[in-house]
Structures are given as structure tokens and as C-alpha cells.
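Thanks for coming. Please look at the structure on the screen, and I will walk through a few of its side chains.

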Amino acid sequence: MIYIFILFACFILFNINKMTNSLCLQKEIPEEKQSTVFHTINILVTILLISSYVEILFTV
């Protein structure tokens, strides 16, 4: 179960990073602020994925 979830999480993070990159290019965010945007979004998505895994773990 955990291996499937890890693959799913990597797929989600990869797609979120692609969308974040598109957002930065579209909104013309400066290079200095792009790293902050990526870090913030990656941390929030990771928290979301961990909390969903814990929820799945305790409901099954």
C-alpha cells in the first residue's frame, strides 16, 4: 500500500511543480521569488499528501 501511495505522491508533486512553473512564467514572477513560491507550494502539498496518507491508514 505504501509503495503505491509513494508513486502517487511523486506523480502529484511532479505535476504540481510543472503547473507552478507555468504559473511563474505566465505571471512573470522574478527569479528571486520563484524559489519561495516553489518551496511554499511543495511544503503545503507534502503536508496535504502526508495527512491524506495518515487518514487512509487509520480508516482502513
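First, a term: buried means under 20% relative accessible area, exposed means over 50%, and partly exposed is in between, with a 1.4 Å probe and protein chains only. What you see is a predicted model, where local features need pLDDT of at least 70, side-chain atom pairs count only at pLDDT 80 or more, and totals for chains, interfaces and linings use all residues. Residues are numbered from 1 along each chain as its sequence is written, and side-chain values use heavy atoms, with hydrogens and water left out.

Start with the aromatic rings. Rings of Phe, Tyr and Trp (its six-membered ring) pair if their centres lie within 6.5 Å; planes under 30 degrees apart are stacked, over 60 edge-to-face, and the rest tilted. How many aromatic pairs does a search of the whole structure find? The search finds 2. In one, the ring centres of Phe5 and Phe8 are 6.2 Å apart and the planes stand at 50 degrees, so this pair is tilted.

Both residues sit in helix α1, residues 2–26. Helices here are DSSP runs of H or I with at least four residues, strands are runs of E with at least two, and numbering goes from the N terminus. Because Phe5 and Phe8 are 3 residues apart in that helix, about one helical turn separates them. Are these two buried or exposed? Phe5 has 13% relative accessibility, so Phe5 counts as buried. Phe8, at 43%, is partly exposed.

Phe5 also pairs with Tyr53, with 5.0 Å between centres and 45 degrees between planes, again tilted. That pair links distant parts of the chain, since Phe5 is in helix α1 and Tyr53 is in helix α2 (residues 31–59), 48 residues away. Phe5, Phe8 and Tyr53 together form one aromatic cluster.

Further along helix α1 is Thr20. Its relative accessibility is 4%, so Thr20 is buried. Which residues does Thr20 touch, neighbours within four places in sequence aside? Thr20 is in contact (heavy atoms within 4.5 Å) with Val37, Phe38 and Ile41.

Now helix α2, where Leu57 is placed. Leu57 is partly exposed, at 47% relative accessible area.

Last, the database record. UniProt, in an unreviewed entry, places a "transmembrane region" at residues 36–58; such annotations may be inferred rather than shown by experiment. In the model, residues 36–58 are 100% helix and 0% strand, with 33 Å between the end C-alpha atoms.
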